[in-house]
Amino acid sequence: MTWMRRTLAAGGLALALAGPASGATKLQQMGGSARPRGDSVPEAQREPMPATFRWGIQRPDLVRYNRVEGLSLGGRGQIRPETALGPLSMTATLRMGSGDRVPNARLDVARETLERRVTVSVFHELAPMDGDARHLRLGNSVTGVVFGRDDGAYYRRSGWSMEFTPPSAVRSAFRVRAYAERHDAVESTTDFNLWHLSDGAWTSRENLPADPGVEFGGLATWSPSWGTDPRRARGGLEVAIQGAGGDFEYARASLIARTVLPLPARLSLALEAAGGTSWGSPPLQRMWFVGGANSLRGFAPAAAVGSSFGRGRAELARGFAFGAIVVFSDLGWAGERDDVRMADVLASLGLGFSLADGLVRIDAARGVRGGGDLRLEFYLDGIP
């Protein structure tokens with residue numbers, strides 16, 4: 001199932017909580033030869049690659065649409081020079097939107113060995129408050145420009161980071177990141193969409209106002225998974241901890257557990273449970289958000305916001321040649337840790353269709369507890 005495949009394969013819950021593929025990919029074996037030791041990549045792998053440049057529709061992630069930037073187009077160049085530190089990968093991305101007309105820039109310098117990948121980044125860019133909800137990716141851009149439904153909440157961040165991950169040939173089961181960032185609020189700037197093109201009175205919803213300030217801290221995530229055979233039970237965890245100082249002083253931790261159980265007659269049952277809490281004084285952009293396709297279908301994004309959260313979902317899927325039909329239910333809560341009440345738990349029921357082995361997913365869900373409307377969720381799970 002789409003959400004299960006994305007979270008099991010993508011691993012890495014960036015503090016702002018979750019978001020589906022199953023199984024762990026192993027490090028490629030090179031002709032049965034012994035694995036080289038040390039920090040250096042073998043000489044045969046160290047030939048510099050030619051410089052590359054892509055812009056606009058040449059890469060799906062260089063075109064996006066949201067109510068802050070409007071239509072945003074970007075360009076990306078990459079070189080792989082030989083240096084005293086060994087071969088590096090240097091990637092620069094520039095973009096600007098038609099709405100806010102604020103330049104976005106990011107430079108990533110990475111050194112990769114058979115043991116690890118280290119990436120140092122400098123950036124000035126738009127970022128989603130719910131970091132794993134994919135609001136700056138293609139699915140949300142399509143619903144935004146067609147129906148005027150941009151589910152994201154955004155802020156602008158400027159700063160640097162250093163990140164340690166496994167090498168690209170290995171499933172990313174851990175991530176350690178140190179950073180220093182300046183956060184600023186942004187406003188909605190555009191109302192254009194095709195669905196309301198003739199409705200001059202329609203306006204897009206306002207963006208949530210981020211708390212401005214400087215933050216420095218660290219983030220560590222661990223996401224082991226078990227099982228690769230779709231005929232057997234599979235499962236995985238995502239554990240994340242984050243601490244920060246500066247203008248905001250807080251710590252956060254979250255845990256997600258998920259499993260997929262095969263059943264007779266081409267049926268499968270997927271279950272997910274998640275929870276997290278915070279200590280100190282996190283800003284709005286570091287709160288937990290419940291609502292929308294990533295956490296609680298049938299409810300608007302940020303239907304519940306708080307320093308703690310809990311949620312769960314269950315999906316029963318029947319496979320067919322074209323994909324799968326899914327019946328699902330979600331429930332969720334967000335608020336203060338000392339004020340948990342069952343009356344505040346939101347719940348929904350829905351029906352979904354997964355096409356092309358999960359590349360395209362369409363869900364229709366309605367809230368059955370705590371309000372909520374009939375909402376259609378559309379996402380392209382296999383496209384960045």
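A cavity here is a set of grid points where a 1.4 Å probe fits but cannot get out. The model you are looking at is predicted.

**Stop one: the largest cavity.** Its volume is about 400 Å³. Select Ala133, His135, Asn140, Asp151 and Ala293: of the 30 residues in the lining, these lie nearest the centre. Now colour helix 2 (138-147) and strand 22 (375-380), the elements that give two or more residues to this lining. Colour the lining by class next.

**Stop two: the second largest cavity.** This one holds about 60 Å³ of space. Select Arg67, Gly144, Gly148, Phe192 and Ser204, which lie nearest its centre. The lining has 13 residues. By class they divide into three nonpolar, six polar and four charged.

**Stop three: the largest nonpolar core.** Which residues make it up? Select Ile256, Ala274, Trp288, Val290 and Leu296.

Zoom in on Ala334. What is it in contact with, leaving aside neighbours within four places in sequence? Show Trp288, Val290, Ala304 and Phe309, then Val305, Gly306 and Ser308.

**Stop four: a second core.** This core is separate and has seven residues. Select Ala127, Met129, Ala153 and Met287, which are among them.

Key. Residues are numbered from 1 along each chain as its sequence is written. This is a predicted model: local features need pLDDT of at least 70, side-chain atom pairs count only at pLDDT 80 or more; totals for chains, interfaces and linings use all residues. Side-chain values use heavy atoms; hydrogens and water are left out. A nonpolar core is a set of buried Ala, Val, Leu, Ile, Met, Phe, Trp, Tyr and Cys residues joined through side-chain atoms within 4.5 Å. Buried means under 20% relative accessible area, exposed over 50%, partly exposed in between (1.4 Å probe, protein chains only). Contact means heavy atoms within 4.5 Å. On a 1 Å grid over the protein atoms alone, a cavity is a set of points where a 1.4 Å probe fits but cannot get out, and a pocket is an open set with protein on both sides within 12 Å along at least five of seven lines; lining residues have an atom within 4 Å of a point. Grid points are joined across faces, edges and corners, and a volume is the space filled by probe spheres set on the points. Helices (H or I, at least four residues) and strands (E, at least two) are DSSP runs, numbered from the N terminus. Ala, Val, Leu, Ile, Met, Phe, Trp, Tyr, Cys and Pro count as nonpolar, Asp, Glu, Lys and Arg as charged, and the others, Gly among them, as polar.
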